[in-house]
Amino acid sequence: MDGNEMAFFPHAEEGRGAGGALARGESYVPGRAGARIYFHVPDIHAALCRAVEAGGVVLYPVTEVGSFGCVAEVGDMEGNCIALRSAEKASR
């Protein structure tokens, strides 16, 4: 492995949303100070639990944000912040 890797999230032509990728390489520096990308998940509590079970840490607990639904943030094992968003209510 040369240290450069990329994982793709293809966009379904018949669906909604955007495609994208996660990249790792010499020019990419993990951290919490950058932009937040929100991933829509159907069950934010389950997604947060899976992230923690995989070695992540909760940075911002599940919180309702009005009509937007709820959000949470998890830190991955490299120090990146991953934001989650769901249309569901935060109470559980």
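Select glutamate 73 to begin. Leaving out residues up to four places away in sequence, glutamate 73 touches Arg36, Tyr38, Leu48, Val57, Val58, Leu59, Tyr60, Cys81, Ile82 and Ala83; a contact here means heavy atoms within 4.5 Å. This is a predicted model, in which local features need pLDDT of at least 70 and side-chain atom pairs count only at pLDDT 80 or more, while totals for chains, interfaces and linings use all residues. Residues are numbered from 1 along each chain as its sequence is written, and side-chain values use heavy atoms, with hydrogens and water left out.

Stay on glutamate 73. Is it buried or exposed? Glutamate 73 counts as buried, because its relative accessibility is 13%; buried means under 20% relative accessible area, exposed over 50%, and partly exposed in between (1.4 Å probe, protein chains only). Now show the side chain of arginine 36: the side chain of glutamate 73 makes a polar contact with it at 3.3 Å. A polar contact is a pair of N or O atoms within 3.5 Å; within protein, one must be able to donate a hydrogen and the other to accept it, and residues adjacent in sequence count only if both atoms are side-chain atoms.

**The strand around it**

Glutamate 73 lies in strand E5, so select residues 70-75 next. Helices (H or I, at least four residues) and strands (E, at least two) are DSSP runs, numbered from the N terminus. In E5, six of its six residues are buried. Cys70, Ala72 and Val74 are on one side, and Val71, Glu73 and Gly75 are on the other. In a regular strand, side chains alternate between the two faces of the sheet.

**The sheet**

Colour E3, E6, E5 and E4. These four strands form an open sheet in the order E3-E6-E5-E4, with mixed pairing; two strands pair if DSSP finds at least two bridges between them. At the edges are E3 (38-40) and E4 (57-64), each of which pairs on one side only. From one strand to the next, the twist averages 20°.

Go through the pairs one at a time:

- E4 and E5 run antiparallel and are joined by five bridges. Glutamate 64 has cysteine 70 in E5 as its bridge partner. The hairpin of these two strands has five residues between them, and its glycine 66 takes a positive phi near 65°.
- E5 and E6 are antiparallel, with six bridges. Opposite valine 74 stands isoleucine 82 in E6. In their hairpin, which also has five residues between the strands, glycine 79 takes a positive phi near 100°.
- E3 and E6 (residues 81-86) run parallel and are joined by three bridges. Histidine 40 has arginine 85 in E6 as its bridge partner.

Axes are lines fitted to C-alpha atoms, for helices over the stretch in contact, and angles run from 0 to 180 degrees between N-to-C directions.

**Serine 86 and proline 42**

Select serine 86, in strand E6. Serine 86 is buried, because its relative accessible area is 1%. Its side chain reaches the backbone oxygen of proline 42 at 3.5 Å. Neighbours within four places in sequence aside, serine 86 is in contact with several residues, including His40, Asp43, Phe68 and Cys70.

Move to proline 42, in the loop between E3 and H1. Proline 42 counts as exposed, because its relative accessibility is 74%. Not counting residues up to four places away in sequence, proline 42 touches Ser86 and Glu88. The C-alpha atoms of proline 42 and arginine 85 are separated by 8.5 Å, although these residues are 43 residues apart along the chain.

**The largest pocket**

Select Phe9, Ala21, Leu22, Phe39 and Ile82. Of the 43 residues that line the largest pocket, these lie nearest its centre. A pocket is found on a 1 Å grid over the protein atoms alone, as an open set of points where a 1.4 Å probe fits, with protein on both sides within 12 Å along at least five of seven lines; lining residues have an atom within 4 Å of a point. Strand E2 (20-24) is among the elements that give two or more residues to the lining, and E2 gives the most, with five residues.

**The whole chain**

Zoom out. Buried residues make up 23% of its 92 residues.
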